[in-house]
Amino acid sequence: MATGGGWAPARSVERHGAPRGGGGTRSKSVAPCPRRPSPSPARSRPAPDNGGSADSCRVRVAIRLRPKNSEDLAYGSDFDSCVELQPESKRLKLKKNNWICESYKFDEVFSENASQKRVYEVVAKPVVESVLEGYNGTVMAYGQTGTGKTYTVGRLGKDDPSERGIMVRALEHILSSMSFETDRVAISYLQLYLESVQDLLDPEKTNIPIVEDAKTGEISLPGASIVEIKDLEHVFHLLQIGEANRHAANTKMNTESSRSHAILIIHLQRSSRIKEENSSLSNDTHDIFPDDLPLVLKSKLLIVDLAGSERIDKSGSEGHMIEEAKFINLSLTSLGKCINALAENSPHIPTRDSKLTRILRDSFGGTARTSLVVTIGPSSRHYSETSSTIMFGQRAMKVVNTIKLKEEVDYETLYKKVEREVDQLTSEMERQQKLMKNEKMQLDKKLKESEGSFHDLRMTSNIRIENLEKEKCQLESAVKTLMRDLEEERGQNNLLSEQIAELEKLVNENKQQQQLENLSRMKIFTDTTKEHEKEMEELLRQLQEERRCSSSLKDRMSVLQQELCDAQSSTQLQESMAHELEKKLTKVTEEFTSQVQSLKEKISELISEKEVIYEELKSTQEKVQQEMLHRQGLEDQILRLKWSTSDICAEESKTSYGMVRSGSGLGNAAFVSKSGKIREALSGQRGTISKIFEEVGLPNVLALLKSEDLDVQIHAVKVVANLAAEDINQERIVEEGGLDALLSLLETSENTTIHRVTAGAVANLAMNGSNQGVIMNKGGARLLANVASKTEDPQTLRLVAGAIANLCGNEKLHLMLKRDGGIKALLGMVRSGHAEVIAQIARGIANFAKCESRVISQGHRKGRSLLIEDGVLTWMVANSTRFSHSTTRHIELAFCHLAQNEDNTCDIIASGGIKELLRISRESPRDDARNLAKMALDSNPAFLREVQ
Ligand code: ADP
Ligand code: MG
């Protein structure tokens, strides 16, 4: 329950607890009395309050200050406002003059700017909420005419909701809070003027009496209209009617609205269930109000717009107006007196002195929650009225009410409910009665039917019993007759038995005879049957045989048919394949023919090309022939020149010198000796190399032979080869380990240039007699033979052959040379066919043969030539005249030296060497060769024999 939110706390001067005097008695008088038979047994409960204090029940008073109007303003500054508000402390200062000023505290202080809404919420809303909870309430406006009472309370504000006064807002609030299904709200709108109550909703009704219930003390206005309302529109409609009637009445009575009191009574009835709040009720109460009784909360809200509180003398009233004012003031004066009495706790409250105080009996010192708006104007002209108004408010604040809740049994609803239940029960009873009646009738009917059928049953059973008796007698006589017949039958039976015995005897005899006949017939029958069975069996067997045959024939037939089918299909397949193949064949044949044709064309083209090439070849061959002849001539010339210089010297000297300058592009000695230019170039080159050699030193040069860089290695070998061409360097190079490095290169290097230049260097070193043994001992011959077997390069082969040829000139090394494969390698290099290579081979053989011949002739060695074993003799015999003149001369000389050794005779003869020996002796251009051949022929008898 709202307890005046926003209102100031109670002051110490206020009374606490239950109302005293008449008020208290009255409130008690409405309390329920269980023993009293009352048409409206009601009960009242004290309002729930905060902490059980009655403080919340004090009359609440708010001051509202009207804004200045034109009249106030017209007086200007002479009449300054005599009122000063302090809303924060809820105080009002009233200035009498510049010296006297009084301060009053109220529950709320509204300035001229306070909105209608705020005024409603602070002043009226708690009262309305209380009314909605079932308590009575009063909201009243008190103040001098023109200070805004009607504005605060009765303003309709139909078009501008912000203007709406407390009446409209309270009804709006109630309508929105209640339930139309269970609750009802109705209004009465009255005017009190000259102590007469007039109905503003029905102005014809005047002088409405005020009736007080003797028992409950409740006030009612019988005859005043109570109009139930449903919505706000209806509210506006009714209030407008009331306003119009108030205005019309006043016009008629030649008065102003400010002289009458307007009272709006809002009757609210809300249903409630006792169960909901039964915790606060005593057991006695339960006895009166059973749980399911419908209860109603009935409450009233009075909204009062009082007449102006000004004094009559001041308003200038005269004549009847004075009388009127007296009446007006009777009610107001009486109200003031009552408030004073209540405020001062006076034992007597003069409520009955005026109609207003009678109507407001519950509002002051009663059970209602009451709020008062005291309206004042700001003008100091009305100081005394304002002051008395404020004092009225101050006194009213001291009045304490004891608000009580009144609940009544809702007899109307209860009656309707009971009536409904009685109706239901009555109809149910009637229905039950009807049902029972029907049942009874049916049972009677059934009983009658049963009685009838029982009678019938009895009759029929009697007749049956009689019949049965009769039947029994008949049966007894029949039994007797039957017994008699039975006796007779028995006698006849005995007779018949005898006859049967006789007949049986006869039958047995007949049977025996019959059996004999039967046996003989049976035998015959059995025999014939057996025969038939045999025949049958034979026939069956034949039949089975036939069947088997036929089934096998059938099988074969199906197999043959299948085969036939397969054959047919395969024939078809083959035919189609043959057809396909034929097609393919035709196609292939066509292709083949066209290919053959094109090939033929190509062949003829090729033949013609071949002819052309052949022609070209022929002319080229001729040219080559010419070139060959030219070259041959040149070679002959070279050889001749060679012979005339070095080779002849070699023959004369101890050491062979034929290969001195044969390595690494350093030219041939023949050319050097022949060509001055080349010689000059070479000597220049050598000079440079010698210079480098002197600068760098031999060990450094030799170290380069082991360089990782191939180019460096190649150049180092070239330098070493050139140095080795000089006699003075040859021994030193070997001493410094150059030979080892060179032989290692021959063995390990894969590079052909290295092989070629190294072979040249070794060849040059091998020109030195003391070096030759070292080379052989270090396996040089073997390494050279190895290189010869691996390469086809003619320059390399020429230099290798040259090196071996130099070694061949040392007879002490011959055996080692042969053993290390040097001779075989030398002869093997013939495969190159290169003239210069073959020239070196021939030189080597000649050197070998000559040295060997010398050793043998000197008697240091004996036996067949070492050359023969390796096939040299055979090669010489076969090729003596095939090569250039110089080569031929070497071969001839070698052959002639071999012919000097008698141990070679057989081999020479065997190889056909005699012819060769004869040819040399006659045709050789060299005298020495011719002489040696003749000498051999002449001295060797075997040869002589062969020649002859
Ligand atoms: P009363 O009913 O006390 O004689 P009224 O309510 O008729 O006074 O007010 C007199 C005039 O002052 C009206 O014109 C009314 O509109 C105006 N008035 C009163 N109070 C206010 C207010 N708080 N704000 C604005 N106008 C007001
Ligand atoms: Mg008014």
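1. Phe392 counts as buried in this predicted model, at 2% relative accessibility (buried is under 20% relative accessible area, exposed over 50%, partly exposed in between, with a 1.4 Å probe and protein chains only). Tyr142 is buried too, with a relative accessible area of 10%.

2. Tyr142 sits in strand 7 (residues 137–143) and Phe392 in helix 11 (residues 383–396), so the pair ties together parts 250 residues apart in sequence. Helices (H or I, at least four residues) and strands (E, at least two) are DSSP runs, numbered from the N terminus.

3. Now the cores: the largest nonpolar core has 89 residues, and Leu705, Met829, Ile845, Trp875 and Met876 touch the most other members. Such a core joins buried Ala, Val, Leu, Ile, Met, Phe, Trp, Tyr and Cys residues through side-chain atoms within 4.5 Å. A second, separate core of 47 residues includes Val83, Met140, Val304 and Ile339.

4. On confidence, the protein averages a pLDDT (the predictor's confidence in each residue, from 0 to 100) of 82, and 83% of the residues score at least 70. The mean is lowest in helix 1 (residues 21–29), at 30, and highest in strand 2 (residues 60–65), at 97.

5. A word on conventions: residues are numbered from 1 along each chain as its sequence is written, and chains are lettered from A and ligands numbered from 1 in the order written. Local features need pLDDT of at least 70 and side-chain atom pairs 80 or more, while totals for chains, interfaces and linings use all residues; side-chain values use heavy atoms, leaving out hydrogens and water.
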